[in-house]
Amino acid sequence: MKIKILAFGIVKDIFQSPRKELEIMDHADVATLKKVLEQNYPELKRLKTYFIAVDQEYATGPEILNAQQEIAIIPPVSGG
Amino acid sequence: MNIDIRITGEPLGLADCLDIVSDTACGGINTFIGTVRDHTKGRKVTRLEYECYESMALKEIRKICGEALSRYGIKNILVHHRVGVLIPGDVAVIVIVSDGHREQLFDSCRYIIDNLKQKVPIWKKEIYEDGEAWVSAHP
């Protein structure tokens, strides 16, 4: 399936774009997505940490993804 | 008014915020104002660029405010955060809590700004005279 990913902050710089489309196996979970992303963008592994958000909620890893969800990469936040 | 949350590209005004929380039934107001510093680790900061995942940021701030209301028994909370380009001295965030005992007002205000800094998807890039960096991105 093809998923759309939103990128913010430093991840936007890594992707050189605020959004990316990515081909990933059907029913992949969030942990698998992170592995695929890190293979494609090794710079992600140099970040202090980063999270995946699914439909504007932090995901922890086992969540199953589908092509209709809003998926975003959340690098370390620094508001305030 | 109970919870007033705003993310805006416009300058934040303290007087306007105090008007919003003004409540004759309440005996105390506690305010935290976050401003842009002109230096980081010895480097001069010329400006900050804030960006935000707005739909999720609003959701996360709402959750934090809800937790603060039930945890501390306060009545009103205001959180306004500015995004876009800010220069040293500009106000980046205002948190106001009101109605409660002063212990709860201090504790809840701290709880809100601490959690905002940890969880809310807002990012700032520091621009120096000789370079730039996304704050906290790398270990």
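**Salt bridges, interface and pocket**

Guide: B:K75 and B:D23 form a salt bridge, with their closest N and O atoms 3.2 Å apart. B:K75 sits in the loop between helix 2 and strand 5 (76-82) of chain B, and B:D23 in the loop between helix 1 (14-21) and strand 2 of chain B, so the pair ties together parts that are 52 residues apart in sequence. A salt bridge here is a side-chain nitrogen of Lys or Arg within 4 Å of a carboxyl oxygen of Asp or Glu. By this rule there are 13 salt bridges over all chains.

The model is predicted: local features need pLDDT of at least 70, side-chain atom pairs count only at pLDDT 80 or more, and totals for chains, interfaces and linings use all residues. Residues are numbered from 1 along each chain as its sequence is written, chains are lettered from A and ligands numbered from 1 in the order in which they are written, and side-chain values use heavy atoms, with hydrogens and water left out.

Between chain B and chain A the count is three salt bridges. A:K12 and B:E51 pair their side chains in a salt bridge at 2.7 Å, N to O. Strand 4 (43-52), helix 2 (54-72), strand 7 (91-98), helix 3 (102-119) and strand 8 (122-128) of chain B each give two or more residues to the side of chain B that touches chain A (helices, H or I, of at least four residues and strands, E, of at least two are DSSP runs, numbered from the N terminus). Helix 2 of chain B provides the largest share of that side, five residues. That side of chain B divides into 15 nonpolar, five polar and seven charged residues (Ala, Val, Leu, Ile, Met, Phe, Trp, Tyr, Cys and Pro count as nonpolar, Asp, Glu, Lys and Arg as charged, and the others, Gly among them, as polar).

The contact (heavy atoms within 4.5 Å) takes 27 residues from chain B and 23 residues from chain A. About 2,200 Å² is buried between chain B and chain A, 54% of it from carbon and sulfur atoms; buried area is the accessible area (1.4 Å probe) that two parts lose on being put together, summed over both.Strand 4 of chain B gives the largest share of the lining of the largest pocket, four residues (on a 1 Å grid over the protein atoms alone, a pocket is an open set of points where a 1.4 Å probe fits, with protein on both sides within 12 Å along at least five of seven lines; lining residues have an atom within 4 Å of a point).
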